[in-house]
Amino acid sequence: MGPEEAPHRVRMTPGARRVLEAAERLFYEHGIHAVGVDLVAAEAGVTKKTLYDRFGSKEQIVVEYLAGRDERWRALLAGRLDAVAGQGPAARILEVFEASRVWAEDHGRRGCSMINAHAEISDPAHPAYPVITGQKRWMLGLFTRLAGEFDPAGAQRLGGALMLLHEGALVSYGLGVLPDPFGQALGRARELLGG
């Protein structure tokens, strides 16, 4: 997400953190629309007044939930990409798939939170919409940049193909329809990179 798309964020107090932790768990497990603020407040051990005083709306809680997951994903990915920086552009591209496998195993057994949220939030006017689409644009930009380090002339095409493999693996992992979708996507990415 570029700076021009940065969402409004809330200052976190201890009560707000409890609300957000409860909301993250509930939204991811049950879906955004299925979870009401009464349940979030009850799970967080706060009143609805505290919830609304801190966040103003359920929509803002959704923004915080998605933006927080995106920040944690980017931090994990940055660390992993830094760890293979000296191994060349192909290794960095492949590491994105490895990082996604690790993330999914630790944080994403129900699939990608952004894809899941988009299934429920398709209105561009929703304050969380730019977080969702911004995260995917950022991923496409990352793949295109890494592809440009590998093959400057084919960066757009290769970046798009890598993005499709990655997103397909995310969806397949969440659905459980393919064995080892990240391993399969990684294999196809290797083929695209000539290895």
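1. Helix α5 (residues 89–107) has these buried residues: A91, R92, I93, L94, E95, V96, F97, A99, S100, R101, W103 and A104. Buried means under 20% relative accessible area, exposed over 50%, and partly exposed in between (1.4 Å probe, protein chains only). Helices are DSSP runs of H or I, at least four residues, numbered from the N terminus. The buried residues of α5 pack against α4, α7 (129–150), α8 (155–175) and α9 (181–192), contact being heavy atoms within 4.5 Å.

2. This is a predicted model, in which local features need pLDDT of at least 70 and side-chain atom pairs count only at pLDDT 80 or more, while totals for chains, interfaces and linings use all residues. Residues are numbered from 1 along each chain as its sequence is written, and side-chain values use heavy atoms, with hydrogens and water left out.

3. R80 and E95 form a salt bridge through their side chains (2.7 Å, N to O); the term requires a side-chain nitrogen of Lys or Arg within 4 Å of a carboxyl oxygen of Asp or Glu. R80 belongs to helix α4 and E95 to helix α5, 15 residues apart. E95 is buried, at 12% relative accessible area, whereas R80 is partly exposed, at 27%.

4. A second salt bridge joins E149 and R92 (3.7 Å, N to O). It connects helix α7 with helix α5 across 57 residues. R92 is buried, at 13%, and E149 is partly exposed, at 40%. R92, R145 and E149 are linked in a network of salt bridges.

5. D180 pairs with R101 in a salt bridge (2.8 Å, N to O). D180 sits in the loop between α8 and α9 and R101 in helix α5, so parts 79 residues apart in sequence are tied together.

Note on methods. Helix = DSSP H or I, 4+ residues; strand = E, 2+ residues; numbered from the N terminus.
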